[in-house]
Protein chains: 2
Amino acid sequence: MPEIRARPYAYAFEPATTALVVIDMQRDFIERGGFGEALGNEVGRLAAIVPTVRALLEWARARAIRVVHTREGHRKDLADCPPAKRRRGQPRLRIGDAGPMGRILVDGEPGNEIVPELGPPAGETVILKPGKGAFYATALDDILKAQRITHLLLAGVTTEVCVQTTMREANDRGYECLLVEDATESYFPEFKQATLAMVHAQGGIVGWTAPLAAVQASLP
Amino acid sequence: MPEIRARPYAYAFEPATTALVVIDMQRDFIERGGFGEALGNEVGRLAAIVPTVRALLEWARARAIRVVHTREGHRKDLADCPPAKRRRGQPRLRIGDAGPMGRILVDGEPGNEIVPELGPPAGETVILKPGKGAFYATALDDILKAQRITHLLLAGVTTEVCVQTTMREANDRGYECLLVEDATESYFPEFKQATLAMVHAQGGIVGWTAPLAAVQASLP
C-alpha cells in the first residue's frame, strides 16, 4: 500500500478507494477583479498555488484517483442562501448582487467557474455547495460512499474556512483525510499555519498534512 | 433588542430565539484521572473555565434562554464510532476500552457525564454526539428549528476541535453564532487564540466572539 510521509505519521492509502477533493478554486476567490479582491483580500496569495494544485490534479488523474471539485455558490433564486449569510459583515456587495464577474456567488455566473487552468474535464465530479463545508446540503457523502471512497486528499481555498470545515466534516464521517500543505492557501498566512497545526495535533485529531512532493513520491 | 459588544461588531439577539450550547464539558476531558489527562493533556486549563461556564449558564437560566449541552460519546456497541476514529493516533487507550472513569467515550459511563458543577438540571437538552461537530448524526438542528431558535451562544471545550467544528456547522445552517471567549478553552492556548481570530475575521465569517462580562451586560 502506498504511504505518504506526512505529519503526524505516515498516511497509507489505496488509489482505488481514495479521492482528491479540490475546494473552491473558483475565479471569484482567485482572480483579480473578483469578489475576493472586492472584499479587500490579496488574491495573489491564492493565485500562486494554482500550478501546485494543477500538478496535484495531474498526478491524481494519471493514477486513476477520482477527482471531486467544489464550488461555493447558490441557486439563482438564492433559496439555499441563509439570510444570516447574506447579511453577515454588512458588505458593500452581497451574495446575488451584480459584481465584477456576474452575480456574486451564484451558480452559472462567470465568477463562480473553476479557474480554467484546473479544468475540470468531463468525468470529474463538481459539487455546488451553499456552505463552507462541502458535506452540508450536498450529495458529497453519498457520492463518495457509492464509489467506496474511504480516503480523501484535500486541496484548495481558503485553508481555515472552506477547506478546514470540509475536512472536519469528512473526519466526523469516518474518512481518513490528508491536506496537501502547498496546495492550499489562505488570505491570512498565519491562519493557514494554525490550521495545519490544528489538523495534525493530538495524534492527527482531524487528519494528516504533507507537501505535494511527498504525495508524488508515495506513488511515482 | 439586546446587543452584545462583540467582535467584529455588535451582536443583536432576542432571548426567545436564542439558545446557549455548552459543548462537551464532560468529566473525561476536564477532570484529573480522565481520558484527556491519559492522553498527556494538561486538563487544569480546561477545569479553570468551569466557574465561568457556570456563571454563563446561570445568566441564561435566569433569563429563560434555552440551554443545550453536548457530550462526545458513543453507543455501547460502538456502532456509531467510525473505525478511522478508533484507530487514529495509535493511542494506548482507545474509544471503548476500560479507562480510569469507565469505558472511554461511551454513553452511560462515569467519564462521559457532564461535570457536576454544570448540571444539567431536568429540562435542559443533552445531545450525545459521535463526532466533533454537534450537528453530525444528531437531532440538534431539528431540535433548534422546532424551537424557532436562530441565534446560538457557544461555550465549552475544546475551542479549536469540537467548539469550532460545531460553530462552523451552525453557521452553514444559517444560525447567528457568538462564542463566549472566556467560557471556552483548549489544551493549546495558541489554538484557542487562533480560533477566536478566525471566527471573527472577514466581517465575522463564522460569527462573533465576546467575553462573559459583555454577554451579561447586554441583558442585566
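**Cysteines, a helix contact and a strand residue**

Guide: A:Cys162 counts as buried, because its relative accessibility is 4%, under the 20% limit for that class. The model is a predicted one, and the distances and areas here are computed from it. Over all chains, the structure holds 0 disulfides. A:Cys162 accordingly belongs to none, and the nearest cysteine sulfur, the one in A:Cys81, is 13 Å away. A pair of cysteine sulfur atoms has to be within 2.5 Å to count as a disulfide. B:Cys177 is also in no disulfide; for this residue the nearest cysteine sulfur is that of A:Cys81, at 15 Å. B:Cys177 counts as buried because its relative accessibility is 0%.

The next residue is a threonine. A:Thr165 sits in helix H7 of chain A, which runs over residues 159-172. With a relative accessible area of 4%, A:Thr165 is buried. Its side chain makes a polar contact with the side chain of B:Arg168, at 3.5 Å. Apart from neighbours within four places in sequence, A:Thr165 is in contact with two residues of chain A, A:Lys132 and A:Gly133, and with two of chain B, B:Arg168 and B:Asp172.

In chain B, helix H4 covers residues 50-62, and its length can be checked. The buried residues of H4(B) are B:Val50, B:Thr52, B:Val53, B:Leu56, B:Leu57, B:Trp59 and B:Ala60. After H4(B) comes B:Ala64, which has a positive phi, near 60°.

B:Ala19 lies in strand E3, residues 18-23. B:Ala19 is buried, because its relative accessible area is 0%. Although B:Ala19 and B:His151 are 132 residues apart in sequence, their C-alpha atoms are 6.4 Å apart in space. B:His151 is also one of the residues that B:Ala19 touches, once those up to four places away in sequence are set aside.

Technical notes: Residues are numbered from 1 along each chain as its sequence is written. Chains are lettered from A and ligands numbered from 1 in the order in which they are written. This is a predicted model: local features need pLDDT of at least 70, side-chain atom pairs count only at pLDDT 80 or more; totals for chains, interfaces and linings use all residues. Side-chain values use heavy atoms; hydrogens and water are left out. Buried means under 20% relative accessible area, exposed over 50%, partly exposed in between (1.4 Å probe, protein chains only). Helices (H or I, at least four residues) and strands (E, at least two) are DSSP runs, numbered from the N terminus. A polar contact is a pair of N or O atoms within 3.5 Å; within protein, one must be able to donate a hydrogen and the other to accept it, and residues adjacent in sequence count only if both atoms are side-chain atoms. Contact means heavy atoms within 4.5 Å.
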